[in-house]
Amino acid sequence: MTTVHEPATVAAESAVWPASTTEPRPGDLAVGGVPLAEIADRVGTPAYILDEAEVRGRCRTYRDAFPDAEVVYAAKAFLCRAMARWMDEEGLGLDVCSAGELELAVTTGFPAERIVLHGNAKSPRDVDTALRLGVGRIVIDSSSEIARLAAAVGPDGHQKVMVRVVPGISAGGHVKIRTGTDDQKFGLSIADGHAQHAIARLLDQPQLDLTGLHCHLGSQITSVKPYLVAVRRVVGLMARLYERHGLLLPELDLGGGHGIAYRPGEPALDLTALSRGIRAELADACATARLPVPRLIIEPGRAIAGPAGIAVYRVLSVKHTGERVFVAVDGGMSDNPRPALYGVRYSPRLIGRRGTADPERVTVVGRHCEAGDILATDAELPADLRPGDLLAVPVAGAYHLSMASGYNLVGRPPVVAVRDGSARLLVRRESLEDFRGRDVGL
């Protein structure tokens with residue numbers, strides 16, 4: 001296993017808010033031309049606001065940075081019908097991890113042939129749905145999947161597949177989101193030979209068309225270097241496959257995991273440097289191995305959805321305990337479990353009015369019955385903060401609603417899209433009626 005260290009690029013101060021963010025009045029933020037406080041009054045809190053122009057702009061940034069590559073949006077970051085429609089219109093593919101994500105996308109009109117199905121443990125329903133709808137590629141994650149998938153396809157069927165390999169590289173923002181090492185559940189190791197063995201077995205299944213290798217190192221990676229090391233190792237495997245089987249693979253999927261800034265001054269991955277580095281490394285590695293350069297596939301998720309989203313909460317209480325100040329809001333770990341899972345930190349801001357007192361360091365906590373229900377530590381907010389105030393949390397578009405739960409039966413927040421001065425509801429608030437409708441027995 002290789003651990004890669006490299007100085008990261010520092011994001012600009014404004015990087016944590018959508019480009020359309022303005023302050024029409026002191027303390028009153030607007031996104032997409034719509035005041036956030038106005039949306040909170042209209043739909044209640046907590047609520048997510050998603051800047052459609054920011055989402056589309058980030059899609060185009062990827063397409064411009066990787067003009068010869070296939071850009072596939074990682075739907076697990078956040079998916080709804082509107083998001084699937086935007087990805088389709090912007091020319092991106094879609095990466096899904098379940099029959100639910102797949103069916104939502106296809107029934108919205110997203111072309112199934114531009115969808116990639118992932119998963120370390122695909123259920124029979126996942127596989128059956130993928131084959132029924134005609135998914136473009138299925139990523140094989142273990143040797144045991146090969147026979148099951150071949151049987152599901154049938155002797156007269158045909159399905160394009162990739163094999164997820166593990167290059168033995170430790171990269172990512174937290175140990176729980178590092179997937180390029182040999183000690184986690186995803187993929188097949190190059191180092192111990194399991195990847196080569198699985199590919200040899202796969203070649204005995206004529207109904208499965210192996211189009212390439214897949215490699216995903218982890219999440220919140222802010223350095224280019226791990227991707228370059230991965231290119232070398234995966235191309236090395238491709239060279240050995242050619243020597244042994246005469247196999248020339250036309251595709252190489254390097255996954256995603258591109259890091260973004262959650263707070264001002266935090267590092268973010270430089271897409272221009274990433275694209276330039278990967279293209280050069282891939283060309284050089286393939287030339288050394290005397291292989292044709294495969295078509296590159298990348299799978300950004302967080303980097304497209306994250307900075308486009310804002311979470312808005314209402315303050316319920318302000319409590320002074322010893323030297324600490326706790327600001328409790330009407331959401332928490334049920335709509336954002338990431339601080340509890342990964343220890344991430346956010347920078348909330350007072351909106352709707354301008355604070356008249358100097359800022360003080362506070363801990364913003366949720367309403368749930370858990371001591372770990374903390375949304376932001378050491379947040380600087382005005383000392384005159386009071387119940388009823390609104391707080392906006394930037395960079396809330398990825399892994400918030402997609403990981404939300406029904407804890408304490410609070411209900412998951414709605415999603416409101418903003419663009420060109422108008423707002424529209426994309427996902428309604430989960431209600432008590434929704435909970436009661438699922439609870440069918442006494």
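Which strands pair in the parallel sense over four bridges? Select residues 47-51, strand β5, and then β22. These two are the parallel partners, joined by four bridges. Two strands count as paired if DSSP finds at least two bridges between them.

Before moving on, some ground rules. This is a predicted model, where local features need pLDDT of at least 70 and side-chain atom pairs count only at pLDDT 80 or more, while totals for chains, interfaces and linings use all residues. Residues are numbered from 1 along each chain as its sequence is written, and side-chain values use heavy atoms, with hydrogens and water left out. Helices (H or I, at least four residues) and strands (E, at least two) are DSSP runs, numbered from the N terminus.

**Stop 1: around β22**

Stay with β22, residues 415-419. Four of its five residues are buried, so the strand is largely enclosed by the rest of the structure. Buried means under 20% relative accessible area, exposed means over 50%, and partly exposed is in between (1.4 Å probe, protein chains only). Click Ile49, then its bridge partner Val416 in β22.

Pick Val418 and find its bridge partner, Ala423 in β23. The two strands form a hairpin with two residues between them. In that turn, Asp420 has a positive phi of about 50°.

**Stop 2: a three-stranded sheet**

Select β2, β3 and β4. They form an open sheet in the order β2-β3-β4, with antiparallel pairing. The edges are β2 (22-25) and β4 (34-35), each pairing on one side only. Strand β3, residues 28-31, is joined to β4 by two bridges. Look for Val31: it stands opposite Val34 in β4.

**Stop 3**

Highlight helix α3, residues 81-89. Its buried residues are Ala82, Met83, Ala84, Trp86 and Met87. Step just past α3 to Gly91, which takes a positive phi of about 85°.

Next, select Gly109. This residue lies in the loop between α4 (99-108) and β8 (115-117). Is Gly109 buried, partly exposed or exposed? It counts as partly exposed, because its relative accessibility is 48%. Draw a C-alpha to C-alpha line from Gly109 to Ala75: the two are 15 Å apart in space and 34 residues apart in sequence.

**Stop 4: two packed helices**

Two packed helices are described by the angle between their axes and the distance between the axes. Show α6 (residues 143-153) and α7 (residues 194-202). Their axes come within 9 Å and cross at roughly 15°. That makes α6 roughly parallel to α7. Axes are lines fitted to C-alpha atoms, for helices over the stretch in contact, with angles from 0 to 180 degrees between N-to-C directions. Under 35 degrees counts as roughly parallel, over 145 as roughly antiparallel, 65 to 115 as roughly perpendicular and the rest as oblique.

Which residues meet here? Ser143, Ile146 and Ala147 in α6 meet Ala198, Arg201 and Leu202 in α7. Contact means heavy atoms within 4.5 Å.

**Stop 5: Ser317**

Finish on strand β16, residues 309-321, which holds Ser317. At 29% relative accessibility, Ser317 counts as partly exposed. Leaving aside residues up to four places away in sequence, Ser317 touches Phe326, Val327, Ala328 and Pro387.
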